[in-house]
Structure formats: C-alpha cells, structure tokens
Amino acid sequence: MSRPVTLFTGQFADMPFTEICRSAAEWGYDGLELACWGDHFEVDKALEDDSYIDSRKEILAEHGLETFAISNHLIGQAVCDAIIDQRHKNILPPAIWGDGDPEGVRQRAAERMQDTARAAAKLGVDVVIGFTGSAIWHYVAMFPPVEQATIDAGYQDFADRWNPIIDVYDEVGVRFAHEVHPSEIAYDYWTTVRTLEAIDHRPGFGLNFDPSHFMWQNLDPLGFLWDFKDRIYHVDCKESVVQDNGRNGRLGSHLAWGDPRRGWDFVSTGHGDVPWEAIIRMLNSIGYDGPISVEWEDAGMDRELGGPDAQEFIRKVVAIEPSESSFDAAFSSE
C-alpha cells in the first residue's frame, strides 16, 4: 500500500513552476499537489490551450514527478462567503474580483470552480481540493443570539451554490475534496455531518483530511477518519502545535503566526502534536491508498529547510504497512 508523498505548492506559489519542480525533486518528493495560483496551474490557460497541459506534464516528467490533485482553495472561498471584502480582493484574480460586487464575485467564483473540474480532467487528475466559504461562519460565537433558521439557511445556501458545481464534477469524472477548516461551511465533526446532509451525501463531494486544525479544536482525527472513511478523497500532511499556558487562547487572539502568545500555531510536519503514526495506521485500516501531501506552514522555520525536513519525516511514517502474516500464526502447533 505504498503511497506517494507529494508537496502542496500553495506556499511556494511565488516560485516559478520549473523552480518548485526542481526543488521538490531534489527534496525527494514523488509529485506535486498543484495550486491554481501563481504560475503552477492556471485554469483558464488549461482550458484555452492544449499545449499548456502538455507543457505542465513535460516539466513534471523532466523532474520525475507526478500530480494526483490540483487545489483551488482561494477561489472556492469566495463561493459562499457572506462577507466579501478586501481580504478576498487580495487573494482573487482580477477577473474573479471584477467590480467587487459581492454577488458577482460569488457567481464568478462558482463558475471558475466548475472550470477547475474541467481543467483537472484535461490534466488527467480526478481530485480537486479546496474551500467552500460559508454564509454563517461569522456567527460562530453565537452572540448576539442567532436563530436556528439563520443557521439552516446557511447550509441551504451552500447546497444551492455547490450542487450546480458538483454537477460539473460528476459530468467530467472529477471529485471535489473539501478541506475541513475554520471559516468554511464544514470546520469540525458535526458541521461536516450537516454539510454532507445538506447535499444528500453526493459522492462528487468529499473531504480533504488535514489534521492540523483538529488539534487546536480538540477533535479526534482517528475517529473522524473512521466515521468518514468513504469520504476521504485526499490527505494533506500539515502540522500544528497547541501552546496552552493559561494565558494563550485557542482562537489566536488576533496575533500573527509565530507569535508565542498564540494558543496554537502551525509548525512543519513532525514538529507538533499531530499523531502521524496513528493516522497512517488508520488510513491503512480504512483502505486509503492515495497521496500524502505535505503542506508546509511554519513561521519559525524557513521553507527551504521545512520542505525536505517534512518529506524525510513523513516518508518513514508512511512506510508503515499492515503485516502480510498474522503475528500470532507462529503460536500454532501446526
């Protein structure tokens, strides 16, 4: 059940595609999870020009790399967000932002997420990873009091906006893997349950498992994998550490990444609280045989160190596979 170890290029999007391919190969990765920003994978070019797809494949092959998934988190975020503001303008392409009218941004983002499925199919991958945004995330504190009808309407808004997107994914044979993450419609266990119910458990919509946000929310990553075993379409290998001392709050206190006063922070894989060996064993149990994709985020470690360091750490853990024979077979008198 040997799985490929890949590198998510989102945090390296300022590097030219050829440069990140060269670095990833030198660091020992088997492939890339391509971000749809920077010049790594441009959806509009992929649909307009067949030679663009060929060029991506050629560059990957030159460096002995494969790709199993592409990611369009930034545009997916704008599909359902109730508040569209300067934050979105900073991450969206000008063609999606347009004049900034919120509903126009949402509709253009939805269309681009449909095009992302078509581009993925042309590239030959069957998983797109991303965010959904949320019309109700800003109610997370539940004060001032929020009526249940408002929460229900938020899940309905998600279904109304994403069902037509998933229709296109079904048409082209690609699945969408939503990353369970704060600020999204599904950010913990029970919101994931409600999200899947909202779209009647359509198989075209599943999950990208990223345990880094499970740690600070005090969620059980192993139970999550077991309960949603049929929806784990991709795994991101990202790490976090909880920094409890009686003063640091779990919500981050509006402090920058890397600030020791934060209640939790991202760290490079292998340097935090995520139980990777137990997770790999659980992935073995549920039959997940897809890639393990390293997502480097660490304000206290340079990415030139974090990239290869994470690969070396997780490669050893990924090597854990079920035994071909039962250890107690040797006890038999026969």
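The bridge partner of Phe176 is Phe205, which lies in β6. This is a predicted model, in which local features need pLDDT of at least 70 and side-chain atom pairs count only at pLDDT 80 or more, while totals for chains, interfaces and linings use all residues. Residues are numbered from 1 along each chain as its sequence is written, and side-chain values use heavy atoms, with hydrogens and water left out. Eight strands close into a barrel, and the largest pocket has a volume of about 1600 Å³.

**The barrel**

- The strands of the barrel follow the order β1-β2-β3-β4-β5-β6-β7-β10, and their pairing is parallel.
- Strands (E, at least two residues) and helices (H or I, at least four) are DSSP runs, numbered from the N terminus; two strands pair if DSSP finds at least two bridges between them.
- Strand β1, residues 5–8, runs parallel to β2 and is joined to it by three bridges. Within this pair, Thr6 has Gly31 of β2 as its bridge partner.
- Strand β5, residues 175–179, is linked to β6 by four bridges, and these two strands also run parallel.
- β7 (residues 232–237) and β10 (residues 292–294) run parallel and are joined by three bridges.

**Enclosed elements**

- Five of the five residues of β2, which spans residues 31–35, are buried (under 20% relative accessible area; over 50% is exposed and in between is partly exposed, with a 1.4 Å probe and protein chains only). The strand is therefore largely enclosed by the rest of the structure.
- In a regular strand, side chains alternate between the two faces of the sheet.
- In β2, Gly31, Glu33 and Ala35 point one way, whereas Leu32 and Leu34 point the other way; all of them are buried.
- β6 is largely enclosed by the rest of the structure, because five of its five residues are buried.
- Helix α4 is likewise largely enclosed, since seven of its eight residues are buried. Those buried residues are His73, Ile75, Gly76, Gln77, Ala78, Val79 and Cys80.

**The largest pocket**

- A pocket is an open set of points on a 1 Å grid over the protein atoms alone where a 1.4 Å probe fits, with protein on both sides within 12 Å along at least five of seven lines; lining residues have an atom within 4 Å of a point.
- The volume of about 1600 Å³ is the space filled by probe spheres set on the points, which are joined across faces, edges and corners.
- The lining of the largest pocket is made up of 45 residues, and those nearest its centre are Arg87, His181, Pro182, Ser183 and Trp257.
- Two or more lining residues come from each of α4 (73–80), α5 (86–91), α10 (212–216) and β9 (264–267).
- With four residues, α5 gives the most to this lining.
- The lining holds 21 nonpolar residues (Ala, Val, Leu, Ile, Met, Phe, Trp, Tyr, Cys and Pro), ten charged ones (Asp, Glu, Lys and Arg) and 14 polar ones (the others, Gly among them).

**Cysteines**

- Zero disulfides (pairs of cysteine sulfur atoms within 2.5 Å) are found in a search of the whole structure.
- Cys21 is in no disulfide, and the nearest cysteine sulfur, in Cys36, is 14 Å away. Cys21 counts as buried because its relative accessibility is 0%.
- For Cys36, the closest cysteine sulfur is that of Cys21, and the 14 Å between them is too far for a bond. Cys36 is buried as well, at a relative accessible area of 13%.

**Loops and backbone**

- Phe143 and Pro144 are joined by a cis peptide bond with an omega of about -5°. Pro144 belongs to the loop between β4 (127–130) and α8 (148–172).
- The loop between α9 (189–198) and β6 (205–209) contains Asp200, and His201 is found in the loop between α9 and β6 too.
- Asp200 is a residue other than glycine with a positive phi, near 60°; it counts as exposed at 65% relative accessibility.
- His201, also not a glycine, has a positive phi near 55° and is partly exposed, with a relative accessible area of 40%.
- Pro260 sits in the loop between β8 (239–242) and β9 and is exposed, with a relative accessible area of 64%.
- From C-alpha to C-alpha, Pro260 and Tyr233 are 34 Å apart in space, and they are 27 residues apart in sequence.
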